[in-house]
Number of protein chains: 2
Amino acid sequence: MNNNSTRNHPLDQAVALESLGPGRWRGHTSKGYANMVGPFGGTTGATLLNAVLSHEELLGEPVSLTVNFTAPVADGNFDVIARPVRTNRSSQHWWVEMTQNDEVVTFATAVTARRRETWESTELAFPQVPQASDLERFALEGRPPWTHNYDMRFVDGALLGEPNPDEPSLSRVWIRDEPARPLDFVSLSALCDAFFPRIFIRRSKLVPIGTVSLTTYFHADQQQLQETGNDHILGSARSNHFGKGFFDQSAEMWSRNGLLLATTHQVVYFKE
Amino acid sequence: MNNNSTRNHPLDQAVALESLGPGRWRGHTSKGYANMVGPFGGTTGATLLNAVLSHEELLGEPVSLTVNFTAPVADGNFDVIARPVRTNRSSQHWWVEMTQNDEVVTFATAVTARRRETWESTELAFPQVPQASDLERFALEGRPPWTHNYDMRFVDGALLGEPNPDEPSLSRVWIRDEPARPLDFVSLSALCDAFFPRIFIRRSKLVPIGTVSLTTYFHADQQQLQETGNDHILGSARSNHFGKGFFDQSAEMWSRNGLLLATTHQVVYFKE
């Protein structure tokens, strides 16, 4: 997925994998993408997707990615294996795992497929919101290191700000990599996990949280992502339900010209 | 999960597993849950969840389930293995696979956890719709066998009916097992896959489709499911986007008194 123009971006360094043989790689966590505990989950998931995209038997482009965060990832090296569980004529199902000291700290399943032209319709309406250039960049001083790798411009639902009165867990935010980087599946998968946890927005405070499982459906193909360039994309995230120690979060990612790039869902542990 | 009152229900026969040793089972497809090709995916996923729930090392209750349909399941026997990939203090991550002739035909990952009381809020509004008793049972003559195991009463978005003008892929349907069966995680997971594919609703015609990946988040615990009894539950399903050979589908499952039981998402292959 990487090309020369993006290879030196901090994100590409964070997801970089050194081959240890067919379907096996070694990587290491990046200080720049550190979170409160361990690395930002978005880069961990993007690293697993990068393994799939680097696999010599890869067929097609990502359609679906589910990442399960099983244990805190320690700072330092990790190993990754990716294995096509099943290869069909035009689609492929993947298992990917990240281990440290032979313990699985994160795993993923993915579907890749050869996309083809079909009937097409986006039923969801593109939100009517101000452009990124009309909004201020959100100040991230004092926030974990990973946040400084993103330029976020909130329409509503900013961290510790005023919740949207109609939907108090809703955030709409123009976001891009900082420094700017051309959009691809790797960066889009990380952007899908770059929303602050909905409980922070809904309760206007920080509480202990951890994503346990994150699923992303990719609606755009590689060419459409390339055409988005390094522009901001619009993320719109909300929760349906909080309770009994977990909440869900659903979000849409839109290009500036109204193309639905991805929809993404996660379930998050919380203490409150 | 099963008890004597439900064990003889056709669903329980469809998901039944005979132990072959720790973490290994054999089952067989049920003619009553046959679909156009192979069995109804809802029972296949429910069978994999049943393996997790039957595992001697199980910790807690289901929070998340992702099922990947890798190949058509042939009529007849299948083997299932379930393995806790990681067990934490209060949560557990699972790998489950169904094989036929040593080929993986379906696999799943799941998260189970000990749920506990926390701050609670359902942000999504419970739809204002007529009660199940005020609606007619949808006629399923000529539809695949599995549909006859459900009592469906459509508010809108019925199969090959009049699409909802505001959201043409939306269906709202009161649904329960037929014959009635007390709700539990197994039956709820199958109900989450019992919506007709959104492309059938949106285009008012049948086209070739196949779910490739299905994720369900369970918001209710076992006691809340028990309290729902064998009542109809309200499903509300829609698509965000159709294109390049795939569409997504998101749905909510509500109890009659407005409890959000589960939210569920899938990505589906289609030809059109």
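Mentor: In this predicted model, strand S12 (residues 241-243) of chain A and strand S7 (residues 121-122) of chain B run antiparallel and are joined by two bridges. Strands here are DSSP runs of E with at least two residues, numbered from the N terminus, and two strands pair if DSSP finds at least two bridges between them.

Trainee: Which residue of S7(B) stands opposite A:Phe242?
Mentor: That residue is B:Ser121.

Trainee: How many salt bridges are there between chain B and chain A?
Mentor: The count is eight, a salt bridge being a side-chain nitrogen of Lys or Arg within 4 Å of a carboxyl oxygen of Asp or Glu. In one of them, A:Lys244 joins B:Glu117, with the closest N and O atoms 3.0 Å apart.

Trainee: And how many residues does each chain give to the contact?
Mentor: Chain A gives 63 residues and chain B gives 63 residues, where contact means heavy atoms within 4.5 Å.

Trainee: Turning to chain A itself, what does S4(A) pair with?
Mentor: Strand S4 (residues 77-87) pairs with strand S2 (residues 24-28) in the antiparallel sense over five bridges, and A:Asn77 is the bridge partner of A:His28. S4(A) also pairs with strand S5 (residues 91-100), again antiparallel, over eight bridges.

Trainee: What joins S4(A) to S5(A)?
Mentor: A hairpin does, through three residues; A:Thr87 stands opposite A:Gln92 in S5(A).

Key
Residues numbered from 1 in each chain as written. Chains lettered and ligands numbered in written order. Predicted model: local features only at pLDDT ≥ 70, side-chain atom pairs only at ≥ 80, totals over all residues. Heavy atoms only, no water. Helix = DSSP H or I, 4+ residues; strand = E, 2+ residues; numbered from the N terminus.
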